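Hi,

Here is the structure I said I'd pass along. Have a look at it first, and my notes follow below.

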Amino acid sequence: MFDEDTLIKELGFKAVRSSGAGGQHVNKVSSKVELSFNVLASVALDDIQKHTITEKLKNRLTKGSILILQCDDSRSQHKNKELIISRFLELIKIALKEEKERVPTKIPKSVIKKRLKNKRYNSEKKANRKKPDID
């Protein structure tokens, strides 16, 4: 499929301050980790895989085909880096997973008969509600 170690070496990381309310810790520590990955410049992926990823993740990519992910779940920068790497690898595996082609099933004759019988019954029931035609 692809080599995870080579893919991880191609990742770019940036540590930034977490947003939101906090105390003295948030104001002085950059624990949020931003991961960036250039899909088209990747050496670990072949052209078919690059095309598949750009198609399936097109709403998550920038105009330059760069995937950006963020993680600020933990107060530890190292923990956030581990989390974001695992999320990235999971996202790539899901994007590269081939979907099975759907095989349409045949509708059984008994089901068709039952539907037509029910249709006929409802039709007769509604026809009986009308006033009789006196001619």
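Let's start with K14, which is partly exposed at 47% relative accessibility (buried is under 20% relative accessible area, exposed over 50%, and partly exposed in between, with a 1.4 Å probe and protein chains only). The K14 side chain meets that of E34 in a salt bridge, 3.8 Å from N to O; the term stands for a side-chain nitrogen of Lys or Arg within 4 Å of a carboxyl oxygen of Asp or Glu. K14 belongs to strand 1 (residues 12-16) and E34 to strand 2 (residues 32-38), so this pair ties together parts that are 20 residues apart in sequence. Helices (H or I, at least four residues) and strands (E, at least two) are DSSP runs counted from the N terminus.

Before going on, a word on where this comes from: it's a predicted model, local features need pLDDT of at least 70, side-chain atom pairs count only at pLDDT 80 or more, and totals for chains, interfaces and linings use all residues. Residues are numbered from 1 along each chain as its sequence is written, and side-chain values use heavy atoms, with hydrogens and water left out.

How many salt bridges does the structure hold? There are three. Another one joins the side chains of K93 and E4, at 3.1 Å from N to O. That pair links distant parts of the chain, with K93 in helix 4 (residues 77-96) and E4 in helix 1 (residues 4-9), 89 residues apart. Both ends are partly exposed: K93 has a relative accessible area of 35%, and E4 has 30%.

Then there's R87 with D73, whose side chains meet at 2.2 Å, N to O. Here R87 sits in helix 4 and D73 in the loop between strand 3 (66-71) and helix 4, 14 residues apart. R87 is partly exposed at 36%, whereas D73 counts as exposed because its relative accessible area is 52%.

Away from the charges, I107, V111, I112 and L116 make a nonpolar surface patch of about 320 Å². Patches take residues with over 30% relative accessible area and no salt bridge, joining like charges within 9 Å and nonpolar side chains (Val, Leu, Ile, Met, Phe, Trp, Tyr) within 5 Å; areas are Shrake-Rupley with a 1.4 Å probe, and for residues only the protein chains shown count as cover. V111 lies in helix 5 (residues 109-127) and is partly exposed at 43%.

Last up is T54 in helix 3 (residues 47-56). Is T54 buried or exposed? Its relative accessibility is 16%, so T54 counts as buried. Leaving out residues up to four places away in sequence, T54 touches V39, L40, L61 and S65 (contact means heavy atoms within 4.5 Å).

Cheers
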